[in-house]
Amino acid sequence: MSDKKKELKPNTYKFDTLSLHAGYQPHKNAGSRQVPIYQTTSYLFDDVDHAAALFNLERGGHIYSRISNPTVGVLEERVASLEGGTAALATSSGMSAIFLAVMTLCEAGDHLVVSSQLYGGTVNLFRLTLPKFGIKCTFVKPRDTEGFKKAIQKNTKGIFGELVGNPGNEIMNMPEIAKIAHEAGIPLMVDATYQTPYLCKPFEHGADIVIHSLTKWMAGHGSSMAGILVEGGKFDWMQNDKFPTMTKPYEGYHGLSFAEEFGPTAFTMKARAEGMRDFGPCLSPQNAWNVLQGIETLSVRMKKHCSNAEEMVKYLMNHESVAWVSHPSVPDHPDHELAKKLLPNGRGSMIAFGIKGGKEAGVEFINNVKLASHLANVGDTRTLVIHPASGTHSQMDEATLKFAGLSHDMIRLSVGIEDIEDIKNDFEVGFRAARKPRLVSNQ
Amino acid sequence: MKFKVNNNEVYASTGGRPFDKKKPLIIFVHGSGLTHMTWVLQTRYFAFHGYNALAIDLPGHGLSGGESLKSIEEMADWVAAVIDAVGHKEASLVGHSQGCLITVECTAKYPDKIKTLSLMGGAGAIPMNPQLLSLAENNDPKAVDLMMDWAHGPAGHFGGHPVPGLYHINTGTMLAKSRTIQNTLGVDFRACDNYKNGFEAAKKIKCPTLSILATDDKMCPVKEGKKLAALIDGSQVDIIDNCGHMMLLEEADRVLTVLKKFITTNYPPLSS
């Protein structure tokens with residue numbers, strides 16, 4: 001057969017291979033097959049010239065583990081490769097990744113448009129903490145696509161949202177909201193923790209910065225805190241004068257313009273050079289290594305998480321104790337069609353459901369399940385449950401709870417990868433307890 | 001910095017230092033479809049060590065205006081015009097891939113202007129795979145994906161960027177897709193394919209010349225680079241193991257070390 005007739009195909013590594021190998025070259029690490037844990041604070045300089053070059057971003061390398069670390073660097077490259085991003089910066093938690101992204105983008109006097117359906121801690125960051133830094137936010141319901149457009153002001157520097165909102169499972173129309181952001185000359189930042197790059201690659205749908213709490217499905221085993229921000233590399237920081245800290249000479253590095261020098265990796269370079277230097281939310285190498293172990297089995301675990309979740313959706317929808325079920329796989333979920341487009345490999349393993357009997361029944365259910373763990377986390381290999389109104393979102397007042405789409409009967413379920421029958425049996429115990437007549441009072 | 005050549009605006013990174021006419025000039029010329037940003041791990045060093053380091057965006061590429069030039073010969077004339085435009089009489093040239101064809105042609109044609117020549121992943125000719133050429137000329141993004149595949153060695157495919165957190169292949173892809181593919185990569189590939197004068201030009205070069213080659217370079221293999229180097233009097237050759245065509249990123253530190261020694265020896269910096 002003639003070579004001329006062969007269709008050329010790129011042979012770059014695919015998702016499952018990158019999950020195991022990206023970011024690491026054994027021959028540069030004593031042949032160690034596993035990624036070494038570089039448990040060190042700092043790195044020897046060859047000479048004074050070498051030290052100066054590293055400090056001045058003249059050459060790549062490590063100086064001090066607050067800024068970068070070789071083990072953490074493998075994790076960063078691995079996640080960037082899986083997301084289809086140009087660069088990534090790992091942090092000590094998902095919240096620190098969000099904070100670092102905002103502080104890299106904004107300064108006092110700036111404004112952000114933010115989805116209203118977010119993890120409670122993120123809501124408080126945008127609603128209460130960022131205003132202390134002079135950064136104001138307008139909240140918009142995730143399904144109100146036009147609302148995002150209307151909320152943009154002259155000083156708006158970006159749009160932020162969770163692709164699938166926590167805990168109500170409302171989905172942002174990411175492609176449309178990205179268009180709105182780009183027409184306004186601002187980036188779209190998406191927290192895609194619930195999806196992981198296995199379920200959705202936000203850069204393919206217009207996002208510019210992707211954030212993960214790696215603590216969740218990426219690490220997957222409930223052992224380690226970690227966060228990351230990933231850069232898509234398409235956003236043109238020089239298209240307008242909205243981002244002077246990206247485009248103008250920066251005094252902190254001898255007049256460096258991050259956008260001119262680093263182009264598709266400018267945001268990450270600035271977040272590291274300025275943000276990690278000044279705020280310091282660095283990830284420990286041990287935790288980076290733990291997350292890498294999780295990522296090695298990401299696609300295997302996500303398939304099981306999703307298939308178990310779909311089984312649980314069917315079970316809950318047919319259960320007499322359940323008032324409603326919210327999951328993007330449910331045909332009458334308002335975002336069912338959008339979910340098929342954005343989440344082709346599975347709709348995720350987060351389910352919200354309402355228990356008949358309201359808050360009291362919810363409390364009984366949670367107090368009586370034995371296999372499912374009652375705790376403030378999601379994305380563990382184990383099944384987790386919580387009552388958001390009294391837990392993760394308890395710092396919200398009634399009006400904020402309502403605006404965020406939370407009700408008192410809502411149970412948040414993060415479906416694990418146990419045997420599905422064991423999860424259902426455990427839930428039966430919880431539902432039975434919730435149905436029992438309760439004592440009205442002790443008096 | 002921005003300046004004009006042939007009435008079109010040219011962008012050149014100065015490596016983070018202001019341009020200073022008293023300092024010797026090094027011009028870095030990027031490869032097909034790419035931009036000045038491929039040189040960030042070389043230019044900043046020279047800029048902070050006594051040189052004007054200009055990483056140019058060729059016309060129609062990156063942040064430069066105008067349309068892409070259609071032949072290597074035109075590009076070589078344009079590089080010579082850049083030297084004049086920034087007020088210098090001479091320069092040291094550094095090229096990568098297509099940038100090697102340009103700088104070889106420029107050095108042969110303007111021997112009095114060029115003081116040293118450094119070639120990375122160079123060859124005397126770069127004939128293009130017809131399918132790849134067709135894809136690029138038809139604006140197919142697959143052309144970029146193929147180029148990134150072939151341009152990175154087996155080790156580079158795993159990543160391991162010298163700057164923590166950066167991922168080679170996706171960064172290169174974004175650079176190559178930053179302008180319309182057919183207007184940059186398509187025109188560049190055709191210019192490479194058409195260029196036949198590389199070996200003859202090499203014979204005319206008399207200035208100190210360095211060739212950095214890589215064992216896993218599929219686009220300009222070591223034997224092709226050596227063939228070119230053999231035609232240049234006194235040419236030095238440095239071969240990097242476990243590295244592909246994108247050696248200026250895949251093995252940025254090694255490249256900088258070799259380049260630094262060669263340029264500072266043959267074209268000394270302005271002492272501070």
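Start by selecting N139(B), which sits in the loop between helix 4 (130–137) and helix 5 (142–151) of chain B; helices here are DSSP runs of H or I with at least four residues, strands are E runs of at least two, and both are numbered from the N terminus. Before you go on, note that this is a predicted model, where local features need pLDDT of at least 70, side-chain atom pairs count only at pLDDT 80 or more, and totals for chains, interfaces and linings use all residues. Residues are numbered from 1 along each chain as its sequence is written, while chains are lettered from A and ligands numbered from 1 in the order in which they are written.

Still on N139(B): its phi is near 65 degrees, a positive value in a residue other than glycine. Most residues other than glycine have a negative phi. Buried takes 20 or more other C-beta atoms within 10 Å of a residue's own, exposed 12 or fewer, and partly exposed is in between, with C-beta atoms placed from the backbone.

Now hop to N169(A), in the loop between strand 4 (156–162) and helix 7 (174–183) of chain A. Phi of N169(A) is also positive, near 65 degrees. N169(A) is buried, though, with 27 other C-beta atoms within 10 Å.

Next, colour the sheet in chain A. Seven strands make an open sheet of mixed pairing, in the order 1-7-6-5-4-2-3. At the edges you'll find strand 1 (87–91) and strand 3 (136–140), each pairing on one side only; pairing takes at least two DSSP bridges between two strands. Zoom in on strand 2 (residues 111–115), which runs parallel to strand 3 and is joined to it by five bridges. There, S115(A) stands opposite V140(A) of strand 3.

Last stop: the largest nonpolar core, with 228 residues. Such a core is a set of buried Ala, Val, Leu, Ile, Met, Phe, Trp, Tyr and Cys residues joined through C-beta atoms within 7 Å. Select L229(A), I351(A), I26(B) and I27(B), which have the most contacts inside it. Domain 1 (15–294) and domain 2 (299–435) of chain A both give residues to this core, so it lies between them; the bounds come from an automatic or database domain assignment.

Finish on I27(B): not counting residues up to four places away in sequence, it touches L54(B), I56(B), V79(B), V82(B), A91(B) and L93(B), where contact puts C-beta atoms, placed from the backbone, within 7 Å.

Note on methods. Contact = placed C-beta atoms within 7 Å.
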